[in-house]
Structure formats: structure tokens, C-alpha cells
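Here are a few quick notes to read alongside the structure. Have a look at it first, then go through the points.

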Amino acid sequence: MEKTATVAPIKYNHKRLAPKVIAGQTILTILITLFTVFCFAPVLLTFISAFTDEMTINQNGFSFWPEKWSMVGMNSVLKYGNKLFTSYMVTIFVTVFGTLFGLLVMSMYAYSISRKGFVLSGFLSLFLLIPMLFNGGQLSGYMIFTRYYGLKNNLLALILPLCMTTMNVIILRTYIANSIPGELMEAAKIDGAGDYRTFFQITLPLMKPSLAAVGFMLATTYWNDWQNALLYISDDKLKPLQLLLVNIQKNISFLLNNTNVPASVRAAMGGAIPQYSATMATVLVVIGPIMVVYPFFQKYFIKGLTVGSVKG
């Protein structure tokens with residue numbers, strides 16, 4: 001009987017490696033903690049400043065430990081009441097519907113240009129890159145949307161301009177090409193499935209990580225957009241949250257620059273017009289929902305951007 005050769009296991013000196021590993025992990029943990037604190041500090045300062053007395057800010061500047069607290073800045077934003085609620089509903093509707101519609105359109109476009117046998121794949125890929133190099137400008141876009149499409153004071157004017165971007169389509173197309181086996185689609189084709197069935201029943205469910213990543217970026221874009229609303233929306237009932245908050249800031253600036261402000265108005269605001277505290281309260285109202293939603297999408301956001309970046 002032949003004797004099989006045995007390979008002696010490699011022995012590691014754990015006593016020598018352990019201190020180095022622990023030291024490296026400790027240093028890395030400290031650096032990440034410091035970086036997290038530096039990133040979170042502005043958010044914390046914004047939150048504190050929104051509830052700081054305006055006179056305290058004028059005298060001592062922004063501080064993490066203010067001498068006096070006040071609700072004047074936040075109340076100057078919350079006093080809009082019904083308008084604020086209506087604008088929130090408009091923004092939520094535009095964000096949700098625009099994100100879902102944009103994901104559907106971009107995923108279908110990405111699926112089309114990812115198919116090797118599709119005749120128009122090259123043309124559509126080139127057509128997709130044109131907006132990255134050439135832009136018709138804001139004036140031409142305004143004329144098209146208002147005169148030819150008739151979308152003045154229409155929520156579609158807030159949805160359509162942002163529903164599709166070149167970079168997002170490229171991310172989705174790369175994910176389909178590198179992370180979804182082509183053999184799976186060929187098997188579905190052999191079984192008699194058409195392109196629509198292959199896309200909706202096979203490709204789309206497998207795109208969840210990339211859809212979550214792109215969807216979060218798209219939703220953030222819709223949530224923070226106010227320029228399109230400024231151009232196309234003049235009806236108060238259709239104004240999104242960001243445009244309302246911009247108008248609030250303009251009203252505060254008007255009061256600051258107007259020397260004929262009645263004493264009763266100043267007394268209602270605590271004796272000083274809350275310029276800085278109201279600005280911080282405005283920022284807090286805008287970023288609050290995004291801060292709440294982001295932790296739930298973080299893992300999909302990171303996975304969607306990294307999966308498919310290395311092929312093999």
C-alpha cells in the first residue's frame with residue numbers, strides 16, 4: 001500500500017501577531033470614531049442652533065452649549081401650519097411617485113442596452129451620453145415644458161425633468177451586465193419567455209440592491225429639488241416643501257432689510273427677527289426625514305454601488 005505524503009500544518013505565532021492586530025484595530029476604531037464625530041458635529045450644531053435664542057447667537061455666535069434656549073426660530077417655520085403640511089404632502093408624493101417611475105424607466109432602459117442581441121443597443125447608448133455633453137439650457141427647457149407640454153402648475157413638471165439621469169442608467173446597466181448571469185436570461189428565452197416577462201419576473205427582482213442604491217439617490221434629488229418648482233409652480237397648493245422654505249427665508253430677509261417693521265411684529269418674534277435660528281430650523285425640517293430613512297437603505301446603498309464593480 002502506497003503511503004500518502006502529509007503536509008505539516010503551518011504554525012502561526014499568535015502571541016506575536018495578536019498585539020499587532022489589536023493595536024491596528026484600535027487605531028482604526030479611533031480614526032473612524034473621530035471621523036464620525038467630525039461628520040456628525042455640523043448636524044448636531046444645526047439641531048442645537050434651531051432651538052437657540054437669536055440674541056444669544058448674535059452675541060456669542062453658534063455654540064454647542066448655548067446660554068439661552070428659544071423656540072422662536074422653529075416657531076417661525078412651524079407657524080405656516082397648513083401650508084407646511086400641504087407642501088410636505090406634495091413633496092412626499094413627488095418623491096415617491098417620481099422615484100418609482102424613474103426606477104422603472106431607467107431599469108427598462110438599462111436592460112435594453114445591456115442585451116447583446118438588441119439592434120438599437122449602440123444607438124441608445126450613444127443617445128444616453130448626449131445629455132452629459134450637451135444641454136439645451138434652462139430657457140429652452142422652460143419653453144418646452146410650459147408651451148408644448150402644457151405642464152405649468154402641474155406636478156409632472158417636478159417629476160419628468162429628474163426621472164432619468166445618465167449616471168444612474170449606467171449603474172443599473174453595469175449591474176445587469178456583471179451581476180445577472182446571461183445564461184439565466186437565455187434559459188428563460190428557451191422556455192418561451194419574452195423580453196417583458198424576462199425583465200419583470202427575472203431581471204427586475206435580481207436588481208434589488210442596485211435599485212435601492214439608485215432609488216435612494218433619486219429620492220434625495222426629488223426631495224431637495226426646488227428650482228423646478230420655482231420655474232413651473234406658482235399655485236400655493238402645489239408648492240413643494242423646499243420652495244416654501246425658500247419663501248420663508250425670503251420673508252425673513254425682507255423683514256431684516258426693512259426698517260419699517262412694526263414693533264408688534266418684532267415683539268411677536270421675541271424682540272429680534274430669528275435670522276440664524278430660523279435658517280437652522282429650515283435645514284432641520286428639510287433633512288429630518290432623510291436622516292430617518294437613510295439608515296434603512298444604507299446597506300442596499302453600499303451593496304448596490306459595489307456589487308458588480310469587480311467581475312469574476
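**Notes on the model**

1. α5 (121-133) is the element that gives the most to the nonpolar patch: six residues. The patch covers about 1300 Å² of surface, and its members include F118, V119, L120, M167 and I170. Besides α5, α8 (166-179) also gives two or more residues to it. Patch residues have over 30% relative accessible area and no salt bridge, with nonpolar side chains joined within 5 Å; areas are Shrake-Rupley with a 1.4 Å probe.

2. L120 counts as partly exposed because its relative accessibility is 45% (buried is under 20%, exposed over 50%, partly exposed in between).

3. Now look at D225, in the loop between α11 (208-224) and α12 (227-232). Beyond four places in sequence, D225 touches L162 and Q242 (contact: heavy atoms within 4.5 Å).

4. A word on confidence: this is a predicted model, where local features need pLDDT of at least 70 and side-chain atom pairs 80 or more, while totals for chains, interfaces and linings use all residues. Numbering starts from 1 along each chain, and side-chain values use heavy atoms, without hydrogens or water. pLDDT (the predictor's confidence per residue, 0 to 100) averages 80, and 83% of the residues score at least 70. Residues 308-312 stay under 50, with four contacts beyond four places in sequence.

Note on methods:
Patch = residues over 30% accessible without salt bridge, like charges linked within 9 Å, V, L, I, M, F, W, Y side chains within 5 Å. Salt bridge = Lys/Arg side-chain N within 4 Å of Asp/Glu carboxyl O. Helix = DSSP H or I, 4+ residues; strand = E, 2+ residues; numbered from the N terminus. Buried < 20%, exposed > 50% of the residue type's maximum accessible area, 1.4 Å probe, protein only.
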